[in-house]
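Look at the sequence and the model shown here, and keep both in view while reading.

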Amino acid sequence: MRRAISTLLVLALVLAGAAVWRYDLVERWLGPDAAGDDPAAIAPPPGLDLPAVLAPGQVAAPARAGALRPPAVRQALTPYLGDPDLGRHVLAAVAPLGSGRTVTIGEGAAVPASTTKVVTSAAALLALGPDRTFDTTVVRAGPRRVVLVGGGDPLLARGPAGPGEAAPYPPRADVEDLASRTAASLRRQGVRKVALEYDAGLFTGPSASPHWEPDYVPDGVVSPITSLWVDEGRPADGPGRVADPALAAAQAFAAALARAGVQVTGAPAPGTAPRSATPIARVASAPLWQLVERVLLVSDNEAAEVLLRHVGLAVQGEGSFEAGRRGVVRVLEEAGVALPGTTLYDGSGLSRRSRMTPAALIDVLRLSTRRPELEAVLGGLPVAGFTGSLADRFGQGPVEGRGRVRAKTGTLTGVASLAGVATDVTGRPMLFVLMADRVKRLDATDAEVALDAAAAALGACRCG
């Protein structure tokens, strides 16, 4: 037995020595400063003949932007837009990415539903910049008092992804991490017990739009909009929304703070962080361009409304629904988007009183192809038949539409819409908007199928 153990020890030492020798050989070959060099610039050792490094070719052919043939566009759309399931008010606009004639069907404006999120997202990126983040902070407001301050992070989470769960995209800041940082800071200051207040005063005005249906918030369709929440106002378990998202966030933070070793005396209470208070911990949201991708991909109502409030703060100096919608109009008009006939009452498209022309949506989409800071608008659109709110759609109609169409959906009772970009079979991209807002309740699903087929027909046509 001793001989076997001795043999194993000798073998282990030999292998360790060999590993050290090989590491030393590689280190001497590369040199002490090689770690930061371009690998292609490092000469191979003598006697080793390697092929030259070649630049990779293009993954796909460049898009063939150019004018469209209106007869071809109309021929593609007409069989589907004439479907009686779409009702008596159907609007469409199809335009090239650059200059050229826009093909239109129908006149006037329609209820945009969630295609509104395209407009809100573009305005937020213009007003704030794609790299903007939103901080949630904790400040000392007294010897034994701290305040949790909401900074309008739309995706602030209760905690990190659990074991076996996929990490979400975009990454979330969470109050568990914030509590850990807060506890570490308090311990360094000799504090083990605090009273907790929470400040959600960044946003002002009503927390529910007066232009929403009165049952939206009570029935859990959407959360009250606030600058402080976790999981967008959803409860820790079960469906629906909590009645007071800011309080729920403070309670989650208090529980996390206790787990981190700091006792919270009493219940969390609303308060206001003193202007002179010293921040002791903070967590930051993902950058705005990633938040926009999330909003558009899954049609996130709550996050869209938070972005509207941030536009109001940046442009009008006030984080309210009214300031937000005024800010959106101002930012887009300054960017050259024409908005006659368009009236918006929120950032998500939940309002049935909003109206938008197809031309306005086309202008926003076209602007997104020209301004680098707006790349996330087109990049965040769901891919037909594959991702987000279009993952389970485009099962009927021309098969060429799957993968060739990227579009934001819009759905309310009696309303169906799509707005995005399609690439025809010749590789020519085009912007399109399809809207129907007098759909009978029983025809809602069939109306979506008809619009999907119309968009897919653009992917199947030779429209250039």
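The model is predicted.

Begin with the sheet. In what order do the strands lie? The order is S2-S1-S10-S9-S8, so that 5 strands make up an open sheet, and their pairing is antiparallel. Strand S2, residues 103-105, and strand S8, residues 405-412, are at the edges. Each of these two has a single partner strand, and therefore one side of S2 and one side of S8 have no neighbour in the sheet. From one strand to the next, the twist averages 5 degrees.

Strand S1 covers residues 90-96 and is joined to S2 by 3 bridges, with the two strands running antiparallel. Val94 has Val103, in S2, as its bridge partner.

Helix H2 is made of residues 70-81, and the angle between H2 and H11 is about 165 degrees, with their axes 8 Å apart. Why is H2 called roughly antiparallel to H11? The term applies because angles over 145 degrees count as roughly antiparallel, and the angle here is about 165 degrees. The crossing of these two helices is right-handed.

Which residues make the contact between H2 and H11? From H2 come Val73, Ala76, Leu77, Tyr80 and Leu81. On the H11 side they meet Ala450, Leu451, Ala453, Ala454, Ala457 and Leu458. Sorted by class, this contact has 11 nonpolar residues, with no polar and no charged ones.

Helix H6 (residues 288-298) packs with helix H7 (residues 301-316) at an angle of about 140 degrees, and their axes are 9 Å apart. This angle makes H6 oblique to H7. The crossing in which H6 passes H7 is left-handed.

In this contact, H6 supplies Leu288, Val292 and Val295, while H7 supplies Ala303, Ala304 and Leu307. The residues of the contact of H6 with H7 are 6 nonpolar, no polar and no charged.

To review the two helix pairs, H2 is roughly antiparallel to H11, whereas H6 is oblique to H7. The contact of H2 with H11 has no charged residues, and the contact of H6 with H7 has no charged residues either.

Key: Residues are numbered from 1 along each chain as its sequence is written. This is a predicted model: local features need pLDDT of at least 70, side-chain atom pairs count only at pLDDT 80 or more; totals for chains, interfaces and linings use all residues. Side-chain values use heavy atoms; hydrogens and water are left out. Two strands pair if DSSP finds at least two bridges between them. Helices (H or I, at least four residues) and strands (E, at least two) are DSSP runs, numbered from the N terminus. Axes are lines fitted to C-alpha atoms, for helices over the stretch in contact, and angles run from 0 to 180 degrees between N-to-C directions. Angles under 35 degrees count as roughly parallel, over 145 as roughly antiparallel, 65 to 115 as roughly perpendicular and the rest as oblique. A crossing is left-handed if the near helix is turned anticlockwise from the far one by less than a right angle, and right-handed if clockwise. Contact means heavy atoms within 4.5 Å. Ala, Val, Leu, Ile, Met, Phe, Trp, Tyr, Cys and Pro count as nonpolar, Asp, Glu, Lys and Arg as charged, and the others, Gly among them, as polar.
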